Amino acid sequence: QVQLVESGGGPAQAGGSLRLACAVSGRTLSSYGMGWFRQAPGKERDFVARVNSMGTITYYADSVKGRFTISRDNAKNTVYLQMNSLKPEDTAVYFCAAAPRGSAYEWTTWGQGTQVTVSS
């Protein structure tokens with residue numbers, strides 16, 4: 001069973017940056033595609049970004065394209081989300097998720113989330 005723990009959230013100013021990390025334990029990270037999602041108050045959980053198991057293919061939501069970068073370090077069993085040019089509308093709880101390799105991104109495991117609050 002894989003476990004995911006997010007960190008790196010907190011307050012930020014509009015235009016600023018944060019880097020989220022997702023520490024993976026229990027299984028080898030290279031066995032999973034990984035993704036980031038976010039949920040703002042009163043809204044549904046939305047897709048943000050994903051990366052394949054080898055870290056060679058990424059995909060982003062239009063709302064974050066060009067500002068956020070997902071990456072992974074399989075040796076450190078950690079996935080990152082670098083968030084630049086933050087906007088107040090990026091305020092949300094951010095979750096990382098794991099999808100078994102070959103599952104066509106079926107997100108089977110979720111972390112507990114980390115809060116990001118961006119002020120103008």
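Q: Which residue stands opposite Arg72?
A: That is Val79 in S8. A friendly word on the basis: this is a predicted model, where local features need pLDDT of at least 70 and side-chain atom pairs count only at pLDDT 80 or more, while totals for chains, interfaces and linings use all residues. Residues are numbered from 1 along each chain as its sequence is written, and side-chain values use heavy atoms, leaving out hydrogens and water.

Q: Why are S7 and strand S8 said to pair?
A: A strand is a DSSP run of E, at least two residues, numbered from the N terminus. Two strands pair if DSSP finds at least two bridges between them; S7 and S8 (residues 78-83) have six, in the antiparallel sense, so they qualify.

Q: What makes S1 and S7 edge strands?
A: The open, antiparallel sheet runs S1-S3-S8-S7. Strand S1 (3-7) and strand S7 (68-73) each have a single partner strand, so one side of each lacks a neighbour in the sheet.

Q: How do you know that Cys22 and Cys96 form a disulfide?
A: The rule asks for two cysteine sulfur atoms within 2.5 Å. Here the sulfur atoms are 2.1 Å apart, so the pair passes. By this rule, the count is one disulfide. The pair links distant parts of the chain, Cys22 in strand S3 and Cys96 in strand S9, 74 residues apart.

Q: Why is this link called a bond?
A: Because a disulfide is a covalent bond between the sulfur atoms of two cysteines.

Q: Are Cys22 and Cys96 buried or exposed?
A: Both are buried, meaning under 20% relative accessible area with a 1.4 Å probe, protein chains only (exposed is over 50%, partly exposed in between).

Methods:
Helix = DSSP H or I, 4+ residues; strand = E, 2+ residues; numbered from the N terminus.
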